[in-house]
Amino acid sequence: MPATLQPEFLPGTLHLLILRSLLAGPLHGYAIAKRIKDVSKSALAVEEGSLYPALNRMLVKNWLVAEWGTSENNRKARFYRLTPEGAAQLEREAAEFDRLVSAIQLVLREA
Amino acid sequence: MSLLAELRSKLAHLLKRSSFDDSLDQEIRSHIEFRTDELVAGGMGRLEAARVARREFGSTTRIAEESREAWRWNWMEDLGRDLSYATRALSRDRRFAFTAIISFALGIGVNTTIFSLASSFLLSEPSVANPGEVVHVQLGGRGQMAMQEFRFLQDSRVFTSLVGFDENGEVNWRSGDSTRRLFAVRVTDNFFADMRVPIGTGRPIQKGERNVVVVSDRFWRNQLSTGPMGQAIVLDGASYSVVGVLPPNHRTLIGLGFAPELYIPVSSDSARVSLYGRMPSGVKASQMAQRLVPVCAQLDRVFPHPDAKYAQMIKVDPVAGVERFLSKRSMLLFIQFFALLMIVVGLLLAIACTNVASLLLARAAARTRELGVRVSLGATRGRLIRQLLAESLLLSLAGAAAGLAINMMATHALNGLLLPMPVPIRLALQPDWRLLAYAIAIAIASAVMAGLLPALTSTRRTNASLKQEEHQVGGSARMRKGLVTAQVAVSVIVLVTAALFVKNLMSSTAMNPGFDLQRTTWAHMRLVPDRYPTAQQTFATVDRVLERVRALPGVEAAAYTNVVPLNDSSNNTGPITSDARKEPVVLRVQTFLISEDFFKTMGIALLAGRDFTENDRRGGAETAIINQALAKAMYGAAPAVGRTLRFGDSSPLLVVGVVADSKYVTLGEEEVAAIYEPQLDQHGNRANLSFLVRASASPSALTQTLNHELLALEPTSAVEIKPMNQALGFALLPSRAGAGLLGVIGVLGLSLAAIGLFGVLSYSVSRRAREIGLRMALGASPKSILRLVLGEGATIIGAGLAVGMIASLFVTRPLAMFLVAGLNPFDPLTYMIVALVMIIVGCFASIKPAIRALRSDPAVALRLE
């Protein structure tokens, strides 16, 4: 198994990753974690212990809404959907993250 | 915006919290199942897969707990922590906390007391079930209806229920050797059942009952010494059995604190009653008036009245709530008076808040270091402001608690007062949820008013470097001075208002009522109506009383009157015609029915013509005496004596005399028209007789004799004797109440401002101790030091006075309507007195700090360096 990084390593990135993975459409909790893991080629692993509290924090902030539905394999699951506020937040956080990363790269390259 | 959204989702969450827990559990379960499915697809056995998935997931409780955490009300927990920190901080500084709490307590105590008064008068509801459905019904402009008319309306079933209520029912109560007049309400026998009036002890009056009585709690305790139910009392010569006692907080349908001692059934079919109806639920008063039209038209056919039609003037007024006041114009004055009081006590609270604010500023200056340390440990400014506000909130809540204690004491004292009114009026102020809600609301508002500014300034300072603290203190001192200046200004407004009311009281007391107060005595005698069925019998007694009293030694003159000026009144507004002019005059005229010698007894000058004689009272020619104001209105400068005048269609009266104007209803009135007619048998029978007696010397010696003589003539009557100079309480009540309330408030405001000024000056002297010491060491004279300190006080007082005076000019403008005629709200003398008082108080507040400055030892001061 390759070494995995916890998204909390950089504060705030967990929210960013969740928001981004919901951009394509509603997903349930397990699918969100799996999507992040798959897309990052298993480099990022979202722990269940941080996933659900984070989802709830985002519900409170009205970035997401949750609905019960059935999954592709016919299991009852709670699906999370991005709200317009959530989409806006994603844009803000993504821009902020880009800025941060390029700043860090700048330092790594030039300093 | 996002905060609001957060609040909304948290609130929504509160409503479905239990379903949230379920769905969280289920979500965790389905997560584990997904993982199991995946593992099974990867080739693992199902049981094994489920075990692995569960292990991977970790502690479900911890995750559930952390998810729940997101929904919690963090600020509430923060507030709790802030409050407990504030408690510790304040308990270290007890003297400061005590002073601040006292300031808040005075402000909030006075505020809530006025609130209790206002809400009791304006918002209290009568003690009946669903008071919102009950209305007062007046038909054909008449307040009261005959019993047969009442029954007709009752049978019409327009109302769910209709009751008759006669608030003017008086009875003579015989207890031992003495007879006392009591105020009773006579009610129809369905009153208690249909209005569902709560009873404290015993039972209500029931259908068909006659000689039973329900007594007030006060009467039961004080007069019957909580005797047993069923005991007999003698009222108007008949025996009544006490069947029930009202609860102490009983309020009548009339409201306004009217507190009769008894409820008794309407005694006979000849009685007249006011109508109170319960409307079917959902019906409005205006709709009710519409429904009454056909019924009243029928009523007019069955009981035709010569002068008025019931169907023409139908008034349906709610008895509860604010509508009651909007329906009667005279009630608006109450609202205005309470609004004025609320503004004044609001200003007082503002003074108290400024006091606390300047205390907080001083404290913040001393805590710069502590706040600085907290900032460097990572506290944000918002966190510190919240922390400081929590402290002022704690102070204001403690102040509100103490203020409510003041409220309890004040309302208890007010409840004990029997107001000098012709009918018993008792305040029944009681703490209720409204009072509590109001107290909490103003406590929070005061916390913000007093705490926000100091919190903002003192945290701004900590952002700067800690080392600069010495320089930064100057800004806070300036702000404190500004606050005290504002305080002085507000006190000036409160004081001017109070002074105007005190002046109003003085000028109304000094106002000449136009009749003699010093040597006149008023003897009131109530006859038992059953014993005097006819007017002839009643007035035969009047003659006997006059004859007997006039023969007493020490009596100069005695007279009968139906109306005692400034205590009760009777008037007639009508077109008055005269033989001297063609067009009628429409004028409101005070009317009196009197005996001969009335003017001699009252000391009212006869300007022209003659007084009535006994012959006028026997009903010879129809005569009248008019006052100067009426003579002027009717005849101008021409002589009035010998002319005739008539009200509407009534028979003409021959004017035989003109008397000087006097005061009839209020002391403030000017040139009110009045007409006096001799009391004749035809004017109808009455139970209440008023005799006026003029003593040749002091009237106090006559009191006993008169009481004795009148009782000897009619032992079943109730006799009350009081000197006229004590009988003006009613007329003076508005001025006295205003002056009393506002005087107390003014003194409180002044003392709060004095405390504030003293605090600022002492603080300023202690802060400048080094500077003063240095100046003295360099040879400054004590005089110049004194000038330094007093100058500071003088600047504050001067600026505060200037601002306050100008503001007062605007604030006191609406006062004029509460003041007697001729008293100017811009009265320069009042303003001068207030300025003088403020300056004197300022001097006193400056003395101690000034002396301390003079005594400061240059050596000690320099060593502080």
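Before anything else, a cut-off I need: I call a residue exposed when its relative accessible area is over 50%, buried when it is under 20%, and partly exposed in between. I also remind myself that this is a predicted model.

**Entry 1: positive phi**

I started with backbone angles. As a rule, most residues other than glycine have a negative phi. I looked up where A:Lys41 lies and found it in the loop between H2 and H3 of chain A. Is A:Lys41 buried or exposed? Its relative accessible area is 72%, so I log A:Lys41 as exposed, that value being over the 50% cut-off.

Chain B gave me another case. B:Arg157 is not a glycine either, yet its phi is positive, at about 60 degrees. B:Arg157 lies in a loop as well, between helix H7 (147-156) and strand S3 (161-175) of chain B. With a relative accessible area of 67%, B:Arg157 goes down as exposed.

**Entry 2: the contact between the chains**

Chain A and chain B bury about 2,300 Å² between them, and carbon and sulfur atoms give 56% of that. On the chain A side, A:Tyr30, A:Val60 and A:Arg75 supply 31% of the area buried against chain B, more than any other three residues.

Then I looked for charged pairs. The rule finds four salt bridges across the interface of chain A and chain B. One of them I checked by distance: A:Arg78 pairs with B:Glu27, and their closest N and O atoms are 3.4 Å apart. I also logged eight residue pairs in polar contact across the interface of chain A and chain B, both residues at pLDDT 80 or more.

**Entry 3: A:Ser71**

I stopped at A:Ser71, which sits in the loop between strand S2 (64-70) and S3 of chain A. A:Ser71 counts as buried because its relative accessibility is 6%, under the 20% cut-off. What does A:Ser71 touch, leaving out residues up to four places away in sequence? The list is A:His28, A:Phe79 and B:Phe34, so my neighbour list for A:Ser71 takes in residues of both chains, within 4.5 Å by heavy atoms.

**Entry 4: chain B overall**

I stepped back to chain B. DSSP runs give chain B 26 helices and 22 strands. Chain B has 865 residues, and 50% of them count as buried. Taking the contacts in chain B with a separation of 6 or more, I found that 79% are between residues 24 or more positions apart.

**Entry 5: cysteines**

B:Cys296 is buried, at a relative accessible area of 0%, whereas B:Cys843 is partly exposed, at 42%.

How values were computed
Residues are numbered from 1 along each chain as its sequence is written. Chains are lettered from A and ligands numbered from 1 in the order in which they are written. This is a predicted model: local features need pLDDT of at least 70, side-chain atom pairs count only at pLDDT 80 or more; totals for chains, interfaces and linings use all residues. Side-chain values use heavy atoms; hydrogens and water are left out. Buried means under 20% relative accessible area, exposed over 50%, partly exposed in between (1.4 Å probe, protein chains only). Buried area is the accessible area (1.4 Å probe) that two parts lose on being put together, summed over both. A salt bridge is a side-chain nitrogen of Lys or Arg within 4 Å of a carboxyl oxygen of Asp or Glu. A polar contact is a pair of N or O atoms within 3.5 Å; within protein, one must be able to donate a hydrogen and the other to accept it, and residues adjacent in sequence count only if both atoms are side-chain atoms. Helices (H or I, at least four residues) and strands (E, at least two) are DSSP runs, numbered from the N terminus.
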